[in-house]
Structure formats: C-alpha cells, structure tokens
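Please consult the sequence and the structure shown here.

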Amino acid sequence: MFVRLSGPGNGAELVDPADCKRFHVEYGVAGTAPGDVAAALGDWADGATDDHVWIRVAAVRAAAAGRVGPGWEADFDGMVAFARTKGWLNATGDAIAAHVETPA
C-alpha cells in the first residue's frame, strides 16, 4: 500500500490498501522536501525527517475501512509491529515512517 498525493491542495488517497508488504508516499511534484510533503498531506502526516514523512496509523486505518478483507487488521498490525522492530515508528507509536517518491 502507499499514500498518493498529486500536489498541494489535492486530497491524499490510500492505494492498494490490502498490500501490507510495502509502504511509501508518492508525491506528484518533483524534488519536494519531506517536510513540504508532510504539510501538503495535512492530517495524514505527523511531521517529517530529512528522509521520511510520518504517516498517522489512524489515517491509514480510516482510509482502508470498508476497502479491505477481514484479515487486514492482523496484516496491518503485523506491518506496524515490523516497522517497530526497524525503528520506523515515531516515539508514541502512532505514526509510520514512509519514504517519499517523487517524479524525476
């Protein structure tokens, strides 16, 4: 799954929510810094580092609701647990680090 945002002021969308094996943000404006992507994501994001955007776990759950099968919660919980072992959760555990992909 990944979060897609084509540019500032456009709504973010969760793409392929059933795929809990990958996670990133696609942002449609080339060369945009993660902090600017986080600002454009609004409530989806909880800030950024030099390399990543922090995506709120609750935002992902809300966006996936009604679009995934009954086993998704366990799969997503597994993804979050794996992220924790890699240091990819924020200090409070409510946001996942996602790298940002922009067009070349």
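## Salt bridges

Six salt bridges are found when the whole structure is searched; a salt bridge is counted where a side-chain nitrogen of Lys or Arg lies within 4 Å of a carboxyl oxygen of Asp or Glu. The model is predicted, with local features requiring pLDDT of at least 70 and side-chain atom pairs pLDDT 80 or more, while totals for chains, interfaces and linings use all residues. Residues are numbered from 1 along each chain as its sequence is written, and side-chain values use heavy atoms, with hydrogens and water left out.

One of these pairs joins Asp19 to Arg22, with 2.8 Å between the closest N and O atoms. Arg22 is partly exposed at a relative accessible area of 34%; here buried means under 20% relative accessible area, exposed means over 50%, and partly exposed lies in between (1.4 Å probe, protein chains only).

## Pairs between elements

Helices (H or I, at least four residues) and strands (E, at least two) are DSSP runs, numbered from the N terminus. Arg56 and Asp46 form a salt bridge with an N to O distance of 3.6 Å. Because Arg56 belongs to strand 5 and Asp46 to strand 4, this pair ties together parts that are 10 residues apart in sequence. Both side chains belong to partly exposed residues: Arg56 has a relative accessibility of 31%, and Asp46 has 32%.

A further salt bridge brings together Glu73 and Arg61, at 2.4 Å from N to O. This pair links distant parts of the chain, since Glu73 is in helix 3 (residues 72-86) and Arg61 is in helix 2 (residues 57-64), 12 residues apart. Glu73 is partly exposed at 40%, as is Arg61 at 26%. Elsewhere, salt bridges with shared partners connect Asp16, Asp19 and Arg22 in one network.

## Helix 1 and its cover

Which residues of helix 1 are buried? In this helix, spanning residues 34-41, they are Pro34, Val37, Ala38, Ala40 and Leu41. Viewed down the axis of helix 1, these residues fall within an arc of 160°, so they line one face of the helix; the arc is taken over the directions from the helix axis to the C-beta atoms. The face turned away from the buried side carries the exposed residues Asp36 and Ala39.

The cover over the buried residues of helix 1 includes strand 1 (2-5), strand 3 (24-27), strand 4 (45-48), strand 5 (52-56) and strand 6 (95-101), where contact means heavy atoms within 4.5 Å. Just after helix 1, Gly42 adopts a positive phi of about 60°.
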